[in-house]
Amino acid sequence: MDKRKPPRHRHHKHSDYTAPVAAGSENDLFQIIDNLNTDPFLLILDNVQDPHNLGACLRTADAAGINAVVAPKDRSVGITQTVIHIACGAAESVPYVQVTNLARVLRQLKESGVWLVGTSDQAKQTLYDTDLTGPIALVMGAEGRGLRRLTMEHCDFLVSLPMAGKVDCLNVSVATGICLFEAVRQRSSKR
């Protein structure tokens, strides 16, 4: 039996990182969208406060080809050293836009033709029964609490993940990965 230790992940020093891609404002978000050559593919995180979850969401967003990740400024984690470490480079490649008024941004996205698909344990429609092609933003809720009522009201569709086990819900970063890659699968098959 090989008694060598398994390979360790490369730990980056703070100086190894370039500055995170923080788009900054709502105007920057809409400039990103205006400059796209394809339909917008966005991720909205409603009050995600755990830096490990944000880092994992950014990493998955990068892998899925998300154009920008949007979160409210209040009651959401920003880009911290923990987020940068967990994101493994995605904090430098995926624009992370923290907005003052998430409800207003959701309205503006809808007005610009982006469909908002929110997740909810109570939704009757499953993720797999929903068209995730075209201009969309997947809206994920906070750890434990899910989407806030006002955020949920702005969504065009609410979807659930089919849960066959005894647990009620999944960690937000795990659920985000499932949702993003179902969208990637659907969007790839439409090409």
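Residues are numbered from 1 along each chain as its sequence is written. In this predicted model local features need pLDDT of at least 70, side-chain atom pairs count only at pLDDT 80 or more, and totals for chains, interfaces and linings use all residues, while side-chain values use heavy atoms, leaving out hydrogens and water.

**Exercise 1.** State the strand order of the sheet and find which strands are at its edges.

*Solution.* Strands are DSSP runs of E with at least two residues, and helices are runs of H or I with at least four, both numbered from the N terminus. Two strands pair if DSSP finds at least two bridges between them. On this basis seven strands make an open sheet with parallel pairing, in the order 3-2-1-6-4-7-5. Strand 3 (96–99) and strand 5 (125–126) each pair on one side only, and are the edge strands. Strand 5 runs parallel to strand 7 (residues 157–160) and is joined to it by two bridges. Thr126 has Ser160 of strand 7 as its bridge partner.

**Exercise 2.** Describe the span of helix 6 and what its buried residues pack against.

*Solution.* Helix 6 has 19 residues and reaches 27 Å from first to last C-alpha. This is close to the expected 27 Å, defined as 1.5 Å times one less than the number of residues. Its buried residues (under 20% relative accessible area, 1.4 Å probe, protein chains only) include Val172, Leu180 and Arg187. The buried residues of helix 6 pack (heavy atoms within 4.5 Å) against strand 1, helix 2 (51–64), strand 4 and strand 6.

Technical notes. Buried means under 20% relative accessible area, exposed over 50%, partly exposed in between (1.4 Å probe, protein chains only).
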